[in-house]
Amino acid sequence: MEKTQVLIVGAGPAGLALAIELGRQGIQCNVVERNDRVGYAPRAKTTNVRTREHLRRWGIADRLRDRSPFGLNYPSDVIFATRLSRHLLARIENAFYCNPKKDPRYAEHAQWIPQYTLEDVLREYAETLPGVHIRFQHLLEDITQDEQGVTSRVRERRSGSLLEFRSDYVVGADGSRSRMREIIGARMEGVQTLSRNYNTVIHAPGFEQAHGMGRGIMYWMVNNELPALIAPMDSGDRLIFMPTYVPEGVTISPEEVPRQIFRATGLDLSYKVLSSDEWEASQLIADRYRDRRAFLIGDACHLHPPFGGYGMNMGVGDGVDLGWKMAAVLRGWGGPALLASYEIERRPVHKHVIDEAVANHALLGNQLRRDEIEDDSPAGERVRKEIGELITRVKPREFHALGVVKGYFYENSPILIRDGSTPPPMLWRHYQPSASPGCIAPHAWLEDGSSLYDHLGKGYTLLITDNVAATPDALQAAAEASGTPLSVLRAPQVLHDLYGASYALIRPDQHVAWRGNAIEDAAGLLERVCGRTGTAA
């Protein structure tokens, strides 16, 4: 039997993010993955600003930036047209905030990059951390829990041999068909099938030169014959193609795909299918994320349409949230309320983001098409103008949603200390930075060009925004006595208005845990935010 502190089931972005959070804190973890996770799978392509802020915190944002297949200045425009050979309808610029120009609201721009490349960067870094071990072609069969830990039985698929792991905790990051979810008896609630979809990764030599719509990261085809989207995915003329409407009972074979692309785009090129995937868009969330020492993260506990690029990024956020808390408990300074807070914090965020993704899914190419949309007539011009105006008004909800990406907050968490303030509403269109406890700490660029986030510690950071505020000796003494990692950062006075208080205590995941103008009960404050008081349910 092998011993490890944490067993992670699944080596996708969620599982790797969890392994990195644990490994950076010196926690031993084993990651087992049932597949090889290689090839051109048509998975996510948007690494959003929040995920890249985590990569910056881990010191690997530049590694992903350097792996960009198109270059950082490639325009992240989304182009809507009847077909690429016909009429332009609308163009949405800087989708997902991929423009590398500095923005005061975030530390890192987003990046349009294949998920498999992101996984490579995460995995390569995780494998450099002491105590992190990743094994592919290993399938979880079952677990047994007791008061001291978890025994997991894992099958090595090539040899058929059975391995047993003994760990303090086990985490299911094993995707939509999660075996861990099945084992702990969690049920997915919601709508199973919103639509049937078929994604294909293709090789299309000369695609960029074959049309006059200009460069972009997505092209939406809005017509009455075959509404679809096509998008560059990687270097070497590799693209992803997806009809936005597949009638019930219709099955698409790989042999049909080149003809479909021609019907959708009007471009007659030499298309070669590299991989394909038939899937259902769902609106599902698990009724619970935990059974004692077993947890669920990522697609194992929430599923929604991919429109908005939230799914993979939310999984990374899950791994971060659970990771720092689990590490704190295993290192002895975190209490049981930390682990209880994982589901309390993350599940409402998941529900909010799922609703946003479903709203985006409700207006695709097949909902936008109209009679006469391709007619070369005054009536056709009028219809195209109306559809273009509708796209410009409505579709930014999918592509300019910083309020969803960074504007969420943890409302009822037992490890936060409220100050009576009300966080800004979670609106897709507007992100209003706030230091109200539970929100992501407001970002700022400092005079030396560095990010405020660059100066936060790996544990808790007490940010002092008032030049005359005293250094809190009592808080530092309480942290030392309890083994709580605490850094003190004296920030420029100009941040006082941004944070609205002289002091702000920032968690390892960059959320604000507490703020105030005086620290009256230092020991009690740390007991609360470290989960050493409160419920462990």
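Guide: Happy to, and keep in mind that this is a predicted model. Let's start with a helix: on one side of α10, Pro378, Glu381, Lys385 and Arg393 are exposed.

Visitor: And which residues of α10 are buried?

Guide: Ala379, Gly380, Val383, Arg384, Ile387, Gly388, Leu390 and Ile391 are the buried ones in α10. Looking down the helix axis, these buried residues fall within an arc of 165°, so they line one face of α10.

Visitor: Why would residues three or four places apart point the same way?

Guide: An α-helix has 3.6 residues a turn, so residues with that spacing point the same way.

Visitor: How many residues does α10 have, and what's its reach?

Guide: α10 covers residues 378-394, which is 17 residues. From first C-alpha to last, α10 reaches 24 Å, close to the 24 Å expected at 1.5 Å a residue.

Visitor: Switching to aromatics: how many pairs turn up in the whole structure?

Guide: A search finds 15 aromatic pairs. In one of them, phenylalanine 96 and tryptophan 112 have ring centres 6.3 Å apart and planes at 15°; planes under 30 degrees apart count as stacked, so this pair is stacked.

Visitor: Where do those two sit in the chain?

Guide: Phenylalanine 96 is in the loop between β6 and β7 (111-112), while tryptophan 112 is in strand β7 itself. They are 16 residues apart, and the pair links distant parts of the chain.

Visitor: Are phenylalanine 96 and tryptophan 112 buried or exposed?

Guide: Both are buried. They also belong to a cluster linked by ring pairs, together with Phe80, Trp220, Phe307 and Phe399.

Visitor: Which charged ends sit over rings?

Guide: Here are two cases. The charged end of lysine 102 lies over the ring of tryptophan 445, 4.2 Å from its centre. Arginine 293 places its charged end over the ring of tyrosine 169, 5.4 Å from the centre.

Visitor: Now the sheets. What's the strand order in the open sheet of six strands?

Guide: The order is β8-β3-β2-β12-β19-β18, and the pairing is mixed. β8 (132-136) and β18 stand at the edges with a single partner strand each, so one side of each has no neighbour in the sheet.

Visitor: How many bridges pair β3 with β8?

Guide: Five bridges, in the parallel sense, with β3 spanning residues 29-33. Valine 32 stands opposite arginine 135 in β8.

Visitor: And what about the open sheet of four strands?

Guide: That one runs β1-β11-β10-β9, again with mixed pairing. Its edge strands are β1 (2-3) and β9 (138-145). β9 runs antiparallel to β10 (residues 150-156), joined to that strand by seven bridges. Isoleucine 143 has serine 152 in β10 as its bridge partner.

Visitor: Last topic, backbone angles. Which residue other than glycine has a positive phi?

Guide: Arginine 292 is one of them, with phi near 55°. Arginine 292 lies in the loop between β18 (290-291) and β19 (294-296), and counts as exposed at 51% relative accessibility. Aspartate 237 also has a positive phi, about 60°.

Visitor: Where is aspartate 237 found?

Guide: In the loop between β15 (228-234) and β16 (238-243). Aspartate 237 is partly exposed, with a relative accessible area of 33%.

How values were computed:
Residues are numbered from 1 along each chain as its sequence is written. This is a predicted model: local features need pLDDT of at least 70, side-chain atom pairs count only at pLDDT 80 or more; totals for chains, interfaces and linings use all residues. Side-chain values use heavy atoms; hydrogens and water are left out. The expected span of a helix is 1.5 Å times one less than its number of residues. Buried means under 20% relative accessible area, exposed over 50%, partly exposed in between (1.4 Å probe, protein chains only). The arc is that of the directions from the helix axis to the C-beta atoms. Two strands pair if DSSP finds at least two bridges between them. Rings of Phe, Tyr and Trp (its six-membered ring) pair if their centres lie within 6.5 Å; planes under 30 degrees apart count as stacked, over 60 as edge-to-face and the rest as tilted. A charge sits over a ring if NZ of Lys or CZ of Arg is within 6 Å of the ring centre and within 35 degrees of the ring normal.
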